[in-house]
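Take a moment with the structure, then read on.

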Amino acid sequence: MADNESILVTGAAGRLGAVGRTVTGLLLDRGLPVRAMVRREDDRAAALRAAGAEVVVGDLLEPADVYRVVSGCRRVYFGMSVSAGYLEATVTMAAVAREVGVNALVNMSQMTVSQMSIQNTTASPQQRQHWLSEQALAWSGLPVVTIRPTVFLEGFFLRLVSPTVRDRGRIELPFGQGKTSPVAAADVARVVAAVLADPGPHLGRIYELTGPRSQDMHGVAREYSDALNRKVTYSDIPPEDWERELKREGLPEHLTRHLVTMAELHRAGRYDRLADGVERVTGRPAMSVREFVSLYADEFGGRRS
Ligand SMILES: NC(=O)c1ccc[n+]([C@@H]2O[C@H](COP(=O)([O-])OP(=O)(O)OC[C@H]3O[C@@H](n4cnc5c(N)ncnc54)[C@H](OP(=O)(O)O)[C@@H]3O)[C@@H](O)[C@H]2O)c1
């Protein structure tokens with residue numbers, strides 16, 4: 001694979017896990033040319049351009065846009081926001097990648113897919129679409145590398161709990177006594193970038209990614225306490241209250257059902273997982289909760305000296 005051909009990174013302006021944005025930066029740091037796909041021209045697009053990426057605007061649900069942005073690229077990272085059109089976008093990408101002749105398609109999926117089958121699905125429309133997307137990509141015959149991370153630290157463990165950690169020293173989530181091993185999206189991005197930089201040895205592989213430890217939420221809270229040098233505890237809140245709160249915030253139904261299912265699966269012990277994909281691909285272990293919380297200490301109200 002020629003190193004002078006641009007690598008396409010979709011979802012490059014992301015702000016949740018922002019895997020695409022971090023991958024773009026990591027590839028540029030390696031001196032590789034990147035075509036960064038965004039949905040619209042804004043300050044995030046300008047920042048990607050300033051960092052050295054070729055920025056292209058398009059909609060992953062529009063076949064003509066996808067054809068335009070993929071043309072000329074042989075390596076592709078495909079990931080986009082949790083949303084109702086995910087399966088359609090994946091199949092559109094697969095059709096275009098076959099037409100254009102892509103040599104490596106790195107597909108963002110989810111670790112829950114490892115536990116799914118025709119007889120055993122989940123209530124999350126997103127997880128179902130990832131399962132179907134993986135099936136469709138397998139039928140496509142494309143050279144695919146599948147990335148299956150467990151829950152990201154950036155969502156539940158930062159965005160959703162930072163206000164209560166800041167104000168009350170409490171992680172309030174309906175996770176029961178289930179164990180979990182969240183992974184930093186930055187580590188997921190390191191894996192994706194390493195694969196895109198040299199896809200050959202990875203083609204056809206599935207990488208499951210977790211953090212370094214699976215523990216219940218009391219254990220997670222102890223890592224917050226260590227990182228912030230103050231007491232943080234876990235409060236197991238009623239799932240119905242939590243769901244009502246998500247709805248009150250006006251999240252799309254697809255996303256709400258996905259988050260509610262993730263919480264249910266946590267309570268059922270289905271996030272008690274450990275996988276070494278991060279270290280195996282990048283040579284460096286995955287970030288711990290403590291390291292992550294230290295990194296974002298300000299958002300949790302700061303570290304007590
Ligand atoms: N969060 C987790 O715990 C977790 C765990 C495992 C796997 N995952 C998977 O990770 C992926 C999400 O990654 P992420 O958090 O890095 O994403 P992200 O930060 O939410 O970024 C996704 C990007 O996709 C763009 N996008 C959405 N719809 C688009 C469309 N129709 N056309 C073009 N671009 C579009 C968004 O654009 P705008 O910013 O303009 O809207 C956004 O920049 C999903 O596949 C999810 O299932 C997440």
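## Around the ligand

Start with the backbone: a polar backbone atom of Leu16 sits 2.9 Å from an oxygen atom of the ligand. Keep in mind that this is a predicted model, so everything here is computed from predicted coordinates.

Side chains join in too. His130 places a polar side-chain atom 2.7 Å from a ligand oxygen, and Ser81 has one at 3.3 Å from an oxygen atom of the ligand. Which residues come nearest to the ligand? Out of 27 residues around it, they are Val19, Arg39, Tyr86, Gln110 and His130.

## H4 against H5

H4 covers residues 86–100 and H5 covers residues 125–140. Their axes come within 9 Å and cross at roughly 15°. Angles under 35 degrees count as roughly parallel, and H4 and H5 are therefore roughly parallel to each other. The crossing is right-handed.

Sorted by class, that makes 7 nonpolar, 6 polar and 1 charged residues.

## H3 on H4

H4 also packs with H3, a helix spanning residues 63–70. What angle do H3 and H4 make? It's about 45°, with the axes 9 Å apart, so the two helices are oblique to each other. H3 passes H4 in a right-handed crossing.

Pro63, Val66, Tyr67 and Val70 are the H3 residues involved, and they meet Thr92, Met93, Val96, Glu99 and Val100 of H4.

## H1 with H8

Now for a pairing between H1 (residues 19–29) and H8 (residues 185–197). Their axes come within 8 Å and cross at roughly 50°, which is why H1 and H8 are oblique to each other. This crossing is right-handed as well.

From H1, the contact takes Val19, Thr22, Val23, Leu26 and Leu27. From H8 come Ala185, Val188, Ala189, Arg190, Val192, Ala193, Leu196 and Ala197. How do these residues divide by class? There are 11 nonpolar, 1 polar and 1 charged. Val19 of H1, part of this contact, is also one of the residues that come nearest to the ligand.

Terms used: Residues numbered from 1 in each chain as written. Predicted model: local features only at pLDDT ≥ 70, side-chain atom pairs only at ≥ 80, totals over all residues. Heavy atoms only, no water. Axes fitted to C-alpha atoms, helices over the stretch in contact; angles between N-to-C directions. Helix = DSSP H or I, 4+ residues; strand = E, 2+ residues; numbered from the N terminus. Parallel < 35°, antiparallel > 145°, perpendicular 65-115°, else oblique. Left-handed = near helix turned anticlockwise from the far one by under 90°. Nonpolar A, V, L, I, M, F, W, Y, C, P; charged D, E, K, R; others polar. Near = heavy atom within 4 Å. Polar contact = N/O pair within 3.5 Å; in protein donor to acceptor, adjacent residues only side chain to side chain. Contact = heavy atoms within 4.5 Å.
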